[in-house]
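Student: Could you walk me through this model, starting with the words you will be using?

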Amino acid sequence: DSRDPETGAHLERTRNHCTALAEKLSRRPRYRDAIDHGFLESIYHVSPLHDVGKVAIPDAILLKPGRLDTGEFAVMKTHTTAGAAAFAKVLEQSDTPLFRMAHRICLHHHERWDGSGYPAGLSGDAIPLEARIMSFADVYDALRCRRVYKPPMSKEETAGEIRRSAGAFFDPEMTEVFLDNIRIFEEIHDRYQD
């Protein structure tokens, strides 16, 4: 938040999107055993840390008022490994489930269901569940909000884009749960404005 003026409300929105999506997923047989009260509490607390690695990104790139070129984007992508490295140091001193979740979210929240994401190119269920949830919340928020490089999408446009991204960017079942509960995500979006 201290280095990126678009971060404050984004952190509250994504925190609440993550928690709402995880809670809805916990009702599905596929996720019931993986998402318990501890998971919900942990994702609520650590999801705002997903971009902590951006502290390692030079201001000229982080605050650029426009699209990044290929080289700049390559630098920006290192925020995942920088954040994970910070939590790896934390884990050396305090190896807890909460900090392990934070590490996985930092490292893998830009992975894609089809394997085309970064930094590891993980696909499908190889992507940690909490990172898949964070990715969904982060992308949804980016689509709905104005950025220096794009206007916000309407809720209808966003729903269409998410639907088209099922099986590519996103876990198809997670997409289905999101679309079935889109009203909740719209309420969160409206509640926490920049």
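Tutor: Happy to! Contact, or touching, means heavy atoms within 4.5 Å. This is a predicted model, where local features need pLDDT of at least 70 and side-chain atom pairs count only at pLDDT 80 or more, while totals for chains, interfaces and linings use all residues. Residues are numbered from 1 along each chain as its sequence is written, and side-chain values use heavy atoms, with hydrogens and water left out.

Student: How far apart in space are the C-alpha atoms of Ala22 and Glu130?

Tutor: Ala22 belongs to helix H1 and is buried, with a relative accessible area of 0%. Not counting residues up to four places away in sequence, Ala22 touches Ile35, Phe39, Leu40, Ile43 and Ile133. Phe39, leaving aside its neighbours within four places, contacts Ala22, Ala34, Met101, Leu129, Glu130 and Ile133. Ala22 and Glu130 are 108 residues apart in sequence, yet from C-alpha to C-alpha the distance is 8.3 Å.

Student: Are H7 and H8 parallel, antiparallel, perpendicular or oblique to each other?

Tutor: The axes of H7 (residues 97–108) and H8 (residues 129–144) come within 8 Å and cross at roughly 50 degrees; axes are lines fitted to C-alpha atoms, for helices over the stretch in contact, with angles from 0 to 180 degrees between N-to-C directions. Under 35 degrees counts as roughly parallel, over 145 as roughly antiparallel, 65 to 115 as roughly perpendicular, and the rest as oblique. H7 and H8 are therefore oblique.

Student: How many charged residues are in the contact of H7 with H8?

Tutor: The contact is made by Met101, Arg104, Ile105 and His108 of H7 and Glu130, Ala131 and Met134 of H8. Ala, Val, Leu, Ile, Met, Phe, Trp, Tyr, Cys and Pro count as nonpolar, Asp, Glu, Lys and Arg as charged, and the others, Gly among them, as polar. The contact of H7 with H8 has four nonpolar residues and one polar residue, and its charged residues number two.

Student: How far apart are the C-alpha atoms of His50 and Ala131 in space?

Tutor: His50 sits in the loop between H3 and helix H4 (59–62), and counts as buried because its relative accessibility is 0%. Leaving aside neighbours within four places in sequence, its contacts include Ile105, Met134 and Asp138. Although 81 residues separate His50 and Ala131 in sequence, their C-alpha distance is 9.0 Å.

Student: Is the peptide bond from Tyr118 to Pro119 cis or trans?

Tutor: Most peptide bonds are trans. Pro119 lies in the loop between H7 and H8, and both Tyr118 and Pro119 are touched by Thr80 of helix H6 (residues 79–93). With omega near 10 degrees, the bond from Tyr118 to Pro119 is cis.

Student: Which residues of H10 make the contact with H9?

Tutor: The axes of helix H9 (residues 155–165) and H10 come within 9 Å and cross at roughly 160 degrees, so H9 and H10 are roughly antiparallel to each other. H9 supplies Ala159, Ile162 and Arg163 to the contact, and H10 supplies Thr175, Phe178 and Leu179.

Definitions and conventions:
Helix = DSSP H or I, 4+ residues; strand = E, 2+ residues; numbered from the N terminus. Buried < 20%, exposed > 50% of the residue type's maximum accessible area, 1.4 Å probe, protein only.
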